[in-house]
Amino acid sequence: MHTIHAHAKVNIFLKITGHRDGYHTLSSRFMRVDDLYDTITFVPCECETFTLEGFDNVPLESNTIYKAYKALNEHTGDLDIIEFFSHHKVVVEKRIPTQAGLGGGSSDAGAFMRLVHEVCDLKISTDRLADIGATIGADVPFFVYNYPSANVKGFGEIVVSFEEEPIDLELFTPEGIACDTAEVYKTFHRHLLRNIDPASHFGWENLDSRTLLRIVPDPAALNDLFPPAMMICPELEQYNKDGWFFSGSGSTFFRPKEK
């Protein structure tokens, strides 16, 4: 068997920088959450087709791992991938909540690609693997590189490692609140896109995450998606408390753990 951890992430900050070709561009700091992860295992099994276990009520064609499998086949043409998965099934133990701003689906895809790259000995670079990941989802390249912390720009395809001491984070995901990423972005575009100000986050990519959380204590100032998430999920307001921040399109809040 072959196993890999697919870690969650939080966005220390997330600023929308524009809109191009039907998609929003951004500038963000992603930080890996080391103690929250899904586990992906390739288990020996004679399989007639690509076999994926661990997802209830999710059609195979909609799953990011299946999309990653298809993309790897399409972009590499490596027959060893098809051969390997005729003798192995993919089993996923899910721990990362869905629609929570933690990148669970993208992390699964990125970790799957890294493990396939290893076990099938793909003759491509990590940069090439990340480019393939970008065709699956905007956050996937970050998870392909697997940096502890990184500045992410553009459509998510520009990922630059940021050297800093990791923060031990406490997470809180409200039960029963699921934020639809597409709807959050649509709401931002409809009501807030005209208000973006590039000067509002000038130099943030050079500051360490702990400093950013200290000098910008307002989650709405750090994360442009917090206000639209609140518009479509007003019940989030009861969890908006001092010292807590908002990850991605939500619904997870986070804060540094007290030492």
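User: Where is Pro 198 placed?
Analyst: This is a predicted model: local features need pLDDT of at least 70, side-chain atom pairs count only at pLDDT 80 or more, and totals for chains, interfaces and linings use all residues. Residues are numbered from 1 along each chain as its sequence is written, and side-chain values use heavy atoms, with hydrogens and water left out. Helices (H or I, at least four residues) and strands (E, at least two) are DSSP runs, numbered from the N terminus. Pro 198 is in the loop between helix H6 (181-191) and helix H7 (209-215).

User: Is Pro 198 buried or exposed?
Analyst: Buried means under 20% relative accessible area, exposed over 50%, and partly exposed in between (1.4 Å probe, protein chains only). The relative accessible area of Pro 198 is 62%, so it counts as exposed.

User: How many Å apart are Pro 198 and Val 90, C-alpha to C-alpha?
Analyst: In sequence, 108 residues separate the two. In space, their C-alpha separation is 43 Å.

User: Which residue caps the N-terminal end of H1?
Analyst: A polar contact is a pair of N or O atoms within 3.5 Å; within protein, one must be able to donate a hydrogen and the other to accept it, and residues adjacent in sequence count only if both atoms are side-chain atoms. Here the backbone nitrogen of Ile 65 lies 2.8 Å from a side-chain oxygen. That oxygen belongs to the capping residue, Asn 63.

User: Just after H1, which residue takes a positive phi?
Analyst: The phi is about 65°. The residue is Gly 77.

User: Which backbone nitrogen does the side chain of Asp 78 reach?
Analyst: Asp 78 lies in the loop between H1 and H2. Contact means heavy atoms within 4.5 Å, and beyond four places in sequence Asp 78 is in contact with Asn 73 and Leu 122. At 2.9 Å, its side chain reaches the backbone nitrogen of Asp 80.

User: How many residues of H3 are buried?
Analyst: H3 has 16 residues and reaches 22 Å from its first C-alpha to its last. It is largely enclosed by the rest of the structure, because the buried residues number 12 of the 16.

User: Arg 114 is buried without a salt bridge; what is the nearest side chain of opposite charge?
Analyst: Arg 114 is in helix H3. A salt bridge is a side-chain nitrogen of Lys or Arg within 4 Å of a carboxyl oxygen of Asp or Glu. Lys and Arg count as positive and Asp and Glu as negative, while His and the chain ends are not counted. At 7.7 Å away, the nearest side chain of opposite charge is Glu 118.

User: Which residue forms a salt bridge with Glu 53?
Analyst: The closest N and O atoms of the pair are 3.2 Å apart. One partner lies in strand E3 and the other in strand E4, so the pair ties together parts 36 residues apart in sequence. Glu 53 is partly exposed at 33% relative accessibility. Its partner is Lys 89.

User: Which residue meets Lys 94 in a salt bridge?
Analyst: The N to O distance is 3.2 Å. Lys 94 lies in the loop between E4 and H3, and its partner is 14 residues apart, in helix H3.

User: Which residues touch the most other members of the largest nonpolar core?
Analyst: A nonpolar core is a set of buried Ala, Val, Leu, Ile, Met, Phe, Trp, Tyr and Cys residues joined through side-chain atoms within 4.5 Å. The largest core holds 57 residues. Those touching the most other members are Ile 40, Phe 85, Val 90, Phe 112 and Met 113.

Methods:
The expected span of a helix is 1.5 Å times one less than its number of residues.
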